[in-house]
Amino acid sequence: MAQALQRRLNSIDVSDPRLYQDDTWRPLFAQLRRDDPVHYCEASAFGPYWSVTRYDDIFAVELDHENYSSSSDLGGIQITDQPKGQEFANFIRMDPPGHTAHRRTVAPIVAPSNLANLEALIRKRTSDVLDALPRNETFDWVARVSTDLTNMMLATLFDFPWADREKLTWWSDVAIANVAAPDAVVHSAEERIAELGKMGEYFRKLWDARASAAPTFDLISMLAHSPATSNLQAREFIGTIALLIVGGNDTTRNSMTGGLMALVENPEQFELVRAKRELIPNLVSETIRYQSPVLHMRRTARNDVELAGRRIAKGDKVVMWYISGNRDEDKIDRPDEFIVDRAKPRQHLAFGAGIHRCVGDRLAEQQIRILWEEVLQRDLRFEIMGPAQRLCSNFIRGIRELPVRIVN
Ligand code: HEM
């Protein structure tokens, strides 16, 4: 029996992106949390790696950045290593002190005072997008709502040329693409590098213009004028821009889509927020936990280290599965259920923790909160008209298409 269990555990490889495309990951992680919470997979398409699957263990790795490095020199933050010599470094792939200085440069864009300034703009755009939706006709929620809203937000943060703003969504999709997947927007590392090179050229022109002008309150100007980031080398320049685009785009987009799915699939929860609008902030946190738009972050052990009784060797790949920590039954009550009035809705790992905790968390919550406020304001009611098309990725839990209809 024990041997059969061991054999079963040995065969588990949660890095397979099809688990997330087919949405079949739950039983595997439930078993790992129960029987082998810090699990070693000896052979995978991404080489050997450790999976950290329980909430508290993920938290412990996040806080121990001395032992668990994010550095791109050691492999970075995804289970997939970037091709050697072709890494796009940026501050999510750095340890202190470099990380600290770069993060500090962009943080003012999401400071509470700026978020307060953005509130009316986000509300106006959200209202316009919702008012333009067809009634009693099927449309794609991802394209018409989630992508459009997050794309406009990014264009604002960068003060990016408005007419070209769809390029931001394209570059974000390119940056996170699993090039081995049939649904990928680019099919090789070379193709990705070529596309991101074009992004670099486009941004370089904006950057040069802003560097030679007086500072303005947008991400490009902030980076161009900060001593920490004004002289980024070509690859780091591209990497930093890509980080900010992906960070602000995919994650919020997929929370907006995952939220609609969860509300329609749990109509009594939708009724509850309709009746009690003060639950909207809880709904936002619950949606982000339930969707877990970033499936994992990876670290590399800088030293031999012990975690939950397992010996991790220096140089090993350690993958923190947020999707699993957010379903940890020892930490979260009835974690597989979508419950908008949880006692502690903010207790989740979807934004990470520690020094790399998402810098845009409050902005993401604000955008999603305003979306549901405006949906409820209009009392929109939805029907899902077909299956969601999910992304074939082990990094982003993405929904590429969701056919819906407004039925009132
Ligand atoms: C629901 C939406 C979002 C989710 C779930 C999310 C998730 C995450 C996660 C898991 C991390 C890594 C945390 C860690 O390693 O501990 C992260 C980092 C980051 N996020 Fe987000 N994010 C979201 C929205 C945003 C937005 C709107 C922005 C920008 C406007 C953004 C920008 C970033 C940046 C720049 C980092 C790197 C931080 C660092 O290394 O210090 N994110 N995010």
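Biologist: Why does S292 count as buried?

Modeller: Buried means under 20% relative accessible area, exposed over 50%, and partly exposed in between, with a 1.4 Å probe and protein chains only. S292 has 1% relative accessibility, so it counts as buried. Please keep in mind that this is a predicted model, where local features need pLDDT of at least 70, side-chain atom pairs count only at pLDDT 80 or more, and totals for chains, interfaces and linings use all residues. Residues are numbered from 1 along each chain as its sequence is written, and side-chain values use heavy atoms, with hydrogens and water left out.

Biologist: What makes the backbone of S292 worth a look?

Modeller: Its phi is positive, about 45°, although S292 is not a glycine. S292 sits in the loop between α13 and β5 (296–301), just after α13. Helices (H or I, at least four residues) and strands (E, at least two) are DSSP runs, numbered from the N terminus.

Biologist: And why is D379 called partly exposed?

Modeller: D379 has 30% relative accessibility, so it counts as partly exposed. D379 also has a positive phi, near 50°, and is a residue other than glycine. Its loop runs between α15 and β9 (382–384).

Biologist: Why is α13 described as largely enclosed?

Modeller: Because 11 of its 12 residues are buried; among them are L283, E286 and R289. The buried residues of α13 pack against α11 (234–265), α12 (267–275), α14, α15 and β11 (399–401).

Biologist: Which residues does P345 touch?

Modeller: Contact means heavy atoms within 4.5 Å. P345 touches N282 and S285, leaving aside residues up to four places away in sequence. P345 and L283 are 62 residues apart in sequence, and 8.1 Å apart in space, C-alpha to C-alpha. P345 has a relative accessible area of 12%, so it is buried, and it belongs to the loop between α14 and α15.

Biologist: What makes C358 a donor to the iron atom of the ligand?

Modeller: Donors are N, O and S atoms within 2.8 Å of the metal (3.2 Å for Na, K and Ca); water is not among the atoms, so sites may look incomplete. The SG of C358 is 2.3 Å away, and it is the single donor from the protein. C358 lies in the loop between α14 (322–325) and α15 (361–377).

Biologist: What makes a space a cavity or a pocket?

Modeller: On a 1 Å grid over the protein atoms alone, a cavity is a set of points where a 1.4 Å probe fits but cannot get out; a pocket is an open set with protein on both sides within 12 Å along at least five of seven lines, and lining residues have an atom within 4 Å of a point. A search of the whole structure finds one cavity of 30 Å³ or more. Its lining includes I122, R125 and M256, and α6 (112–131) and α7 each give two or more residues to that lining.

Biologist: How do you know what is in the cavity lining by class?

Modeller: Ala, Val, Leu, Ile, Met, Phe, Trp, Tyr, Cys and Pro count as nonpolar, Asp, Glu, Lys and Arg as charged, and the others, Gly among them, as polar. The lining of the largest cavity has five nonpolar, two polar and one charged residues.

Methods. Points joined across faces, edges and corners; volume = space filled by probe spheres on them.
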